[in-house]
Amino acid sequence: MPGHLSILESVGDTPLVELRKVVPPGSARVLVKLEGANPTGNMKDRMAKAAIEAAEADGRLKTGGTVVEYTGGSTGASLAFVCATKGYHIKIVTSDAFSEEKTLTTQAFGAEIISIKSENRKINSTLIRSMIDTARQLSQRAGHWWFDQLNNPDAAAGYHPMAEEIWMQSGGKVDAFVQAVGSAHSLNGVSEVLRRYNPDLHVVAAEPAESAVLSGGAMGSHQIEGIGIGFVPPQWRPDEVNEILSATTAEAAQMCRRLAREEGIFAGTSSGLNVIAALRIAQRLGPDATVVTIIIDSGLRYLSTDLYREAPPHSI
């Protein structure tokens with residue numbers, strides 16, 4: 001394989017692997033896209049690169065400018081990575097509700113951090129809206145451009161290449177696609193392209209059971225980082241989603257630990273939620289079908305949290 005010309009060209013082309021141990025007998029083939037293989041260890045590198053390049057192209061982001069954004073951490077690290085390669089300043093509004101590794105990674109790429117205090121590290125709509133308001137105020141300064149991920153129309157296109165990769169790597173067979181919803185850009189971008197290949201694609205959104213607002217439930221607090229913002233995101237397209245599934249933070253965390261110990265896949269809690277939902281669909285569709293979901297990021301981002309602190313079972 002030829003070498004990449006720049007670090008930005010190493011975004012994407014991530015592996016697609018089949019789950020072998022956690023899939024119940026008689027289920028569909030379950031394939032997972034390992035997005036931890038991106039430069040910052042997260043799928044958001046795709047979105048950050050695409051949307052920043054779109055803003056450069058139409059003049060919204062100018063040479064020497066400053067990018068501003070609110071984020072649970074992953075988008076911040078990805079934006080800071082892209083800004084570092086392109087020479088932009090960046091200010092990130094985040095919170096102590098999210099893992100320390102995400103903030104430290106973002107700082108490592110040169111970002112200025114503005115942290116909003118949470119209530120016992122709980123993720124809810126009050127926290128998210130406070131972060132958004134702070135970013136909005138910062139963006140009003142001269143030379144500042146607000147990425148505004150929830151409303152950015154260029155973000156979904158960053159996931160079109162992921163869909164192309166999935167279709168090719170799966171051998172041209174995807175019956176269902178599952179993805180947890182934060183901004184909804186990855187769900188929209190991937191399903192849009194996959195449906196061109198398979199108009200009968202079954203699209204499944206996943207959300208935290210503690211704050212299942214997409215399903216019509218009450219907003220609440222949870223600890224599945226990067227998703228479940230506590231209100232319906234502006235880019236949510238309910239008419240293009242066939243089904244919405246949910247699981248609790250504890251269930252998602254337990255699946256992460258199973259993935260690490262049984263499949264050798266090291267991931268964060270939103271990925272655990274994705275796999276839970278994918279397994280439910282796989283059991284329903286049966287052995288002739290293929291279900292695809294995303295391992296959104298690496299478990300290395302969560303070592304400061306309680307996610308992997310549970311002692312593994314052992315014998316004496």
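Me: What does the side chain of Lys33 reach at 2.5 Å?

Reply: A polar contact is a pair of N or O atoms within 3.5 Å; within protein, one atom must be able to donate a hydrogen and the other to accept it, and residues adjacent in sequence count only if both atoms are side-chain atoms. Here the side chain of Lys33 lies 2.5 Å from the backbone oxygen of Thr14. A second polar contact, of 2.7 Å, connects the side chains of Lys33 and Glu165. This is a predicted model, in which local features need pLDDT of at least 70 and side-chain atom pairs count only at pLDDT 80 or more, while totals for chains, interfaces and linings use all residues. Residues are numbered from 1 along each chain as its sequence is written, and side-chain values use heavy atoms, with hydrogens and water left out.

Me: Is Lys33 buried or exposed, and in which strand is its place?

Reply: Buried means under 20% relative accessible area, exposed over 50%, and partly exposed in between (1.4 Å probe, protein chains only). Lys33 counts as buried because its relative accessibility is 0%. Its place is in strand 2, residues 29-34; helices (H or I, at least four residues) and strands (E, at least two) are DSSP runs numbered from the N terminus.

Me: Which residues is Lys33 in contact with, leaving aside its neighbours within four places in sequence?

Reply: Contact means heavy atoms within 4.5 Å. Beyond those neighbours, the contacts of Lys33 include Thr14, Pro15, Arg46, Met162, Glu165, Gln169 and Thr293.

Me: Which residues are linked with Lys33 in a network of salt bridges?

Reply: A salt bridge is a side-chain nitrogen of Lys or Arg within 4 Å of a carboxyl oxygen of Asp or Glu. The network links Lys33 with Glu35, Arg46 and Glu165.

Me: How many salt bridges does a search of the whole structure find?

Reply: The search finds 18. One of them pairs Lys86 with Glu56, with the closest N and O atoms 3.1 Å apart. This pair links distant parts of the chain, 30 residues apart: Lys86 belongs to helix 2 (residues 74-86) and Glu56 to helix 1 (residues 44-57). Lys86 is partly exposed at 28% relative accessible area, and Glu56 is partly exposed at 26%.

Me: What separates Glu192 and Arg196 in helix 6?

Reply: They are four residues apart in helix 6, so about one helical turn separates them. Glu192 is partly exposed, with a relative accessible area of 31%, whereas Arg196 is exposed at 57%. Another salt bridge joins the side chains of Asp306 and Arg309, at 3.6 Å from N to O; both of these residues are exposed.

Me: Where is Ser183, in relation to strand 7 and helix 6?

Reply: Ser183 sits in the loop between strand 7 (176-180) and helix 6 (185-197). Its side chain comes to 3.3 Å from the backbone nitrogen of His185. Ser183 counts as buried, since its relative accessibility is 10%. Apart from neighbours within four places in sequence, Ser183 contacts Gln149, Leu150, Pro233 and Gln235.

Me: Which residue has a positive phi of about 55° although it is not a glycine?

Reply: The residue is Asp13, found in the segment before strand 1 (16-18). Asp13 is exposed, with a relative accessible area of 59%. Arg121, also not a glycine, has a positive phi of about 65°. Arg121 lies in the loop between strand 5 (112-116) and helix 4 (125-139) and is partly exposed at 32% relative accessibility.

Me: Which residues form a nonpolar patch on the surface?

Reply: Patches are made of residues with over 30% relative accessible area and no salt bridge: like charges are joined within 9 Å, nonpolar side chains (Val, Leu, Ile, Met, Phe, Trp, Tyr) within 5 Å. Accessible areas come from the Shrake-Rupley method with a 1.4 Å probe, and for residues only the protein chains shown count as cover. The patch consists of Phe266, Leu300 and Leu303, with about 280 Å² of accessible area together. Phe266 lies in the loop between helix 7 (249-263) and helix 8 (269-285) and is partly exposed at 36%.

Me: How many helices and strands does the protein chain have?

Reply: The chain has eight helices and 10 strands. Buried residues make up 57% of its 316 residues.
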